[in-house]
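Biologist: Please pick one part of this model and go through it closely. I would like the cut-offs stated as you use them.

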Amino acid sequence: MSLVRLEKRPAPSRLFSGLTPLMAVIATMVAGGILFAFLGFDPLVAIRTIFWDPLFDPQFGPYSRPQLLVKAGPLILIATGLALGFRAGIWNIGAEGQYIMGAVVGAGVGLAFYPSESPLIFPLMVVSGALGGWAWAMIPAILKTRFGTNEILVSLMLVYVAENILASVSSGLLRNPEGRGFPGSRNLARDYPAASNPELIAGTGMHWGVVAAFIVVILTYVLMTRHRMGYSIRLAGEAPRAARFAGVSPARLILFCLGTAGALAGLAGLFEVTGPAGQITIDFNTGYGFTAIIVAFLGRLHPVGILLAGLLMALTYIGGELAQLMLGMPAAAIQLFQGMLLFFLLAMDVFANYRIRIGNPEVAK
Amino acid sequence: MDSINPILLIASLMVASTPILLAALGEMVVEKSGVLNLGVEGMMITGAVVGFAIGVNTGSSSLGFVVAALAGAGLSMVFAIITQLLLSNQVATGLGLTLFGLGLSSLIGKPYVGIKAPGFAKLDIPLLSDIPVLGPILFRHDPMVYLSLLMVALVWYLLTYTRAGLVLRAVGENHAAAHALGYKVVRVRFMAIAFGGAMAGLGGAYVSLVRVPQWVEGMTAGAGWIALAIVVFASWRPWRILLGAYLFGGINVLQLNLQAAGSTIPVEYLSMSPYLVTILVLVIISVRGNHGAPGSLSRVFHASH
C-alpha cells in the first residue's frame, strides 16, 4: 500500500479551482527560471524582462502596453469559443485553421469591393469572417454528427488544409495586383480605409477585435449561467449519461459548440488581418489558435478566467519579444514556457479534483 | 509532364512511410493499454531534432536513432506522470505535450539549421538486391525500414500470443476488472507510454536523418497526427497499421512526385492532399463503425482501494 493516496472529491474544490492557475503560474516561473539559467540567462532578469518590463519599464512600457490588448484580443476570442466545447467534451483543436479561413474569407469579401468607401464594407467583412470560420468548423461538426468521425483529428487536419489555402490565395486569388508580383494581398489597414480595423483609442491597442472579445466574454458568461444551452453544455461535460436522460441532444450541442468556436476564431482572424497584420500573407497565422488552447485551460474554461488568462498569455508574448530583443533569448524559449504552463496547470488540477491522503487506507475504513 | 518511374516510386514509398509506421505502431500499443496520447507529433519532432543533433555531433546516425528513442520515451514520461499519477485529462495533456515538444525542438534545433545529416548507409542485400524490379523496391533500403517491418511482426506476435500482450489488452479493455485481477494498471500503462514515446522518437529521427535529411523547424508537419489517424484506420491491428502507413506514404510520395514533375495541379492543392485523404479515410472508417477501440480508451483510472 502506498503512503500517499488520492481520494476523489464529490465535487471539484472551488478553492483549489481558483488557486491552481496561480500555483501553476508560480511553478512555471520557477521551472522557467531554471530553464533560462540553463540557457545562460540570469533567471531573475529574464523573468523580470518577460513579466514586468513590458508593463512598467519607462522606456518600453509605452510601446509594449498597447500590444497587450492587441495580442490578448484574438486569444480571448478563440479561447472563449474553444472552452464551450471543451466543457462539453467536444475537442476542437483546429482553431488555427478556422482563424485562417475567417481572415481569408473576410479579406476576400472586402477586397472584392475595393476601392469602395461604403461604411457597410467593414461590417460585411466581419460577418463574412465569422461565417468563414463557422463553415470551416462545420466540417468536423457535421462529420461528427452524421458519421461519428473523430473531431479532434478532422479539425486538426483542416489546419494544414487551411494553411495551404492561405498559401494559395496569397500568391494567387487575393494577391495585390499592384504588388509587383510579390505574394500577399493589398494592405487593408493602410490602403483601404473602408476595410480597416484601426486603433480606436490612441495608445491603448484597443481595436474592434478587442471590443468584440470583451462583449463575447460577457455574452458567454450569461449563456453559461442563465441560458438552457449553457446548462446543457455543463451537464454534457460533467454527467454525459444524465445529459442524455435530460433530453440534451448531442448533435445540437456539437453543432453549436464547434460552430460558435469556429465563428469566434474566424472573427479573430478577420480583426487581425484588417488591423495588426494588415494583409493576407503566407505566414499570416502565428499560432494563436493553438496558444488559445492553453488560454482556455488556464482560464479554467470560464469566460472571466479566460479574460485574465488571455491577458497573462499576451504578456508572455510581449515579454518574450522583449527578452528576444534585450537578452537575445530565442523565441522558442517562450513557446516552451507556455507549454510548461499547461503541464503544471493540468498536473495541479489533482488538488481540485482529489483530496491527498497520507497514511494507510485500510485504517480509514 | 515527365513520366514517373514506378519502381523508384514504390521504393521511395517505403522510405516515406517508415516514420508514420513507427509512430503509429507505438501509439497503437499505447491505445491498446487504454491511454490516448495526442502528443505523438511533439515526441516525433523532439526525436527528429535530438536524433539529428546527436547524428551530426557524433557522425553516427545509429547513435542518433538510439538517443532519439530515449528522448521520445523521456518526454512521454512527463505525459505518463501527469495522466497516470496525477490523473489529468488525457486529451488536454497530450495536446500540451505536442505544444511543448514543438517549442523544445525549435529551441534545441536552432544551431542545426542548414547542416547536412551524416548519412545512413543502405543495406544492399547481396543477390536479392539484384533481382529485377523487386530488388530495387524491396532489398536496397536502410536498416530502419527493415526494423520497422520487424517491429510490426513483433508487436503483432506479442499482443496476440503472449501473456504480456494479454495483460496489456486486458488493462486497455477494462481497467477496473484488470485491477481487480491484480494486474498493475498504472505500471503497464507507463511501459506502454514509454514504448509509444520511443517509437515516435525513432519515427521523428527517421524524418530528419534519412527522409529529408536535415533539420527544419516543424519538419514533421503533422506526421504525428496522421499516425494517430492511422491507428483508427487500422482498427487497432498491427498489420493494418502497416497497410495504412504505406497507403499514406504512397499518397505523399505520389503528390511530391507530381509536384516535382511539374503537374498542372497547383502545388498547394497537391500538398493538402494527404490531409484531405486522411479526413476521407476517417469518414469511411466511421461510417463502417468504430470497431476495435479499446474499452477503457482515454478514461481516467483511479483505484479507490
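Modeller: What follows starts with the contact between the chains and then moves to other parts of each chain.

The model is predicted: local features need pLDDT of at least 70 and side-chain atom pairs count only at pLDDT 80 or more, while totals for chains, interfaces and linings use all residues. Residues are numbered from 1 along each chain as its sequence is written, and chains are lettered from A and ligands numbered from 1 in the order in which they are written.

The contact draws on 37 residues of chain A and 39 residues of chain B; two residues are in contact if their C-beta atoms, placed from the backbone, lie within 7 Å. On the chain B side, at least two residues each come from helix 3 (61-85), helix 4 (90-109), helix 10 (223-233) and helix 12 (267-288). Helices (H or I, at least four residues) and strands (E, at least two) are DSSP runs, numbered from the N terminus. Helix 4 of chain B gives the largest share of that side, twelve residues. Sorted by class, the side of chain B that touches chain A holds 24 nonpolar, 13 polar and two charged residues. Here Ala, Val, Leu, Ile, Met, Phe, Trp, Tyr, Cys and Pro count as nonpolar, Asp, Glu, Lys and Arg as charged, and the others, Gly among them, as polar.

One helix pair spans the two chains. Helix 7 (residues 151-170) of chain A crosses helix 10 of chain B at roughly 145°, and their axes come within 10 Å. Axes are lines fitted to C-alpha atoms, for helices over the stretch in contact, and angles run from 0 to 180 degrees between N-to-C directions. This crossing of helix 7 of chain A and helix 10 of chain B is left-handed; a crossing is left-handed if the near helix is turned anticlockwise from the far one by less than a right angle, and right-handed if clockwise. Leu153(A), Leu156(A) and Met157(A) of helix 7 of chain A make the contact with Trp225(B), Leu228(B) and Ala229(B) of helix 10 of chain B. The residues of this contact divide into six nonpolar, no polar and no charged.

In chain B, Ile230(B) is one of the residues with the most contacts inside the largest nonpolar core, along with Ile78(A), Ala296(A), Ala24(B) and Ile241(B). That core has 218 residues, and its largest share, 15 residues, comes from helix 9 (residues 185-211) of chain B. A nonpolar core is a set of buried Ala, Val, Leu, Ile, Met, Phe, Trp, Tyr and Cys residues joined through C-beta atoms within 7 Å. A residue is buried if 20 or more other C-beta atoms, placed from the backbone, lie within 10 Å of its own, exposed if 12 or fewer, and partly exposed in between. With neighbours within four places in sequence left aside, Ile230(B) is in contact with Ile20(B), Ala24(B), Ile241(B), Gly244(B), Ala245(B) and Phe248(B).

The loop between helix 9 and helix 10 of chain B holds Pro213(B) and Ala221(B). The peptide bond from Val212(B) to Pro213(B) is cis, with omega near -25°. Ala221(B), although not glycine, has a positive phi near 45°, and it counts as partly exposed because it has 17 C-beta neighbours inside 10 Å.

Chain A also has a cis peptide bond, from Tyr114(A) to Pro115(A), with omega near 0°. Pro115(A) is in the loop between helix 5 (95-112) and helix 6 (121-147) of chain A.

Elsewhere in chain A, Ile50(A) lies in helix 2 and is buried, with 26 other C-beta atoms within 10 Å. Beyond its neighbours within four places in sequence, Ile50(A) is in contact with Thr316(A), Gly319(A), Gly320(A) and Ala323(A).

Helix 13 (residues 288-298) of chain A has eleven of its eleven residues buried, so this helix is largely enclosed by the rest of the structure. The buried residues include Tyr288(A), Phe290(A) and Ala296(A).
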